[in-house]
Amino acid sequence: MKKNKKVVKDFTLSDLPSNRKELYFDILKNQWRSLIILAFIILVIFVPFIIFRYYNLLSLNNILKENSETMFHQIKIASLTSNAINILLIMFVGIFFSGIARIYKKLAYNDGFFLGADFLKGIKENIKDFIVLFMLYGIVNFMLESLATNYLVDNSFLYYVFKILNYAMFVPVLVISVCISSIYNDPVLKKIILSFIIYFKYLPKILLTTIVALFPLLLLLIPSTTIQLFFPMGYCLIYLPLAYLLFVIVMNSIFDKEINNKKFPHLVNKGMYKKQN
């Protein structure tokens, strides 16, 4: 009986994805093992932040239950304290995200990588810039969250204004800065300025991507202690790794137009194959 021999097709450039959508799903298909490992790393990075946030929510809940005359003052003090500590926790995230960002850059460019070695190399190369970027965002977060707390009790419209300003503007600007820092070797200030320019120039695309990335967090509006503790962990483990990959790919398409076409043509459409007409 004659056995059929399996023919293995050699990989060619034409096998590369031809657009960003194909690139995204190609990464999910071929790099799912790496994405699972990255997901657990991301979860570990965010666990201190999640646990502290949960502890702070329990403290605020106890203050509300007491309903004392000094309740609002206690809420303000607790909020200021937690937001100040959050600056350090956000910087902690930034330290390790400098390694994560390098891996995601490699994924989006279809470059080969050694996960452990490239993770450590990313930290070594980017840690200074990332500490500065995440510290600055931590300070902005401190200011906006503290201002929002001032209007929490009265349920003022300004409470929502400060919240939206934080998550719809400064969070995406931080992520843009992270993407820029993982690719280009410019001074931090230049990266921040460029991030704001890109944010406002491509506002609809960036807001849409941000909404896709953050939309599940609306579940945190449900006043359940179980959800407040375990849902952020599930978000970091399952959704955030995929949402960040989407953000990186979207940003690379913008960088091609804004930066790479003129300065780094070898990076244009890197990781994809454009068929010739």
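Of the 277 residues of the protein chain, 43% count as buried in this predicted model. The C-alpha atoms occupy a box of roughly 85 × 55 × 35 Å along the principal axes. The chain contains 8 helices and 0 strands, so that the order of elements from the N terminus reads α-α-α-α-α-α-α-α. Among contacts between residues at least 6 apart in sequence, 74% join residues at least 24 apart.

Helix α7 comprises residues 203–214, and helix α8 comprises residues 225–260. The two pack at an angle of about 170°, and their axes lie 9 Å apart. Because angles over 145 degrees count as roughly antiparallel, α7 is roughly antiparallel to α8. On the α7 side, the contact is formed by Lys205, Ile206, Thr209, Thr210, Val212, Ala213 and Leu214. The residues of α8 that they meet are Tyr235, Tyr239, Ala243, Leu246, Phe247, Val250, Ser253, Ile254 and Lys257. Sorted by class, the contact of α7 with α8 has 11 nonpolar, 3 polar and 2 charged residues.

Within α7, the buried residues are Ile206, Thr209, Thr210 and Ala213. These residues cover an arc of only 100° around the axis, which places them on the same side of α7. Pro204, Leu208 and Ile211, on the other side of α7, are exposed. The buried residues of α7 pack against α5 (157–181), α6 (188–201) and α8.

Most residues other than glycine have a negative phi. Asparagine 110, a residue other than glycine, has a positive phi near 55°. This asparagine is located in the loop between α3 (71–108) and α4 (115–150). With a relative accessible area of 31%, asparagine 110 is partly exposed, since that class lies between the limits of under 20% for buried and over 50% for exposed. For asparagine 269, phi is likewise positive, near 55°. Asparagine 269 is found in the segment after α8. Its relative accessibility is 23%, and asparagine 269 therefore counts as partly exposed.

Technical notes. Residues are numbered from 1 along each chain as its sequence is written. This is a predicted model: local features need pLDDT of at least 70, side-chain atom pairs count only at pLDDT 80 or more; totals for chains, interfaces and linings use all residues. Side-chain values use heavy atoms; hydrogens and water are left out. Axes are lines fitted to C-alpha atoms, for helices over the stretch in contact, and angles run from 0 to 180 degrees between N-to-C directions. Helices (H or I, at least four residues) and strands (E, at least two) are DSSP runs, numbered from the N terminus. Angles under 35 degrees count as roughly parallel, over 145 as roughly antiparallel, 65 to 115 as roughly perpendicular and the rest as oblique. Contact means heavy atoms within 4.5 Å. Ala, Val, Leu, Ile, Met, Phe, Trp, Tyr, Cys and Pro count as nonpolar, Asp, Glu, Lys and Arg as charged, and the others, Gly among them, as polar. Buried means under 20% relative accessible area, exposed over 50%, partly exposed in between (1.4 Å probe, protein chains only). The arc is that of the directions from the helix axis to the C-beta atoms.
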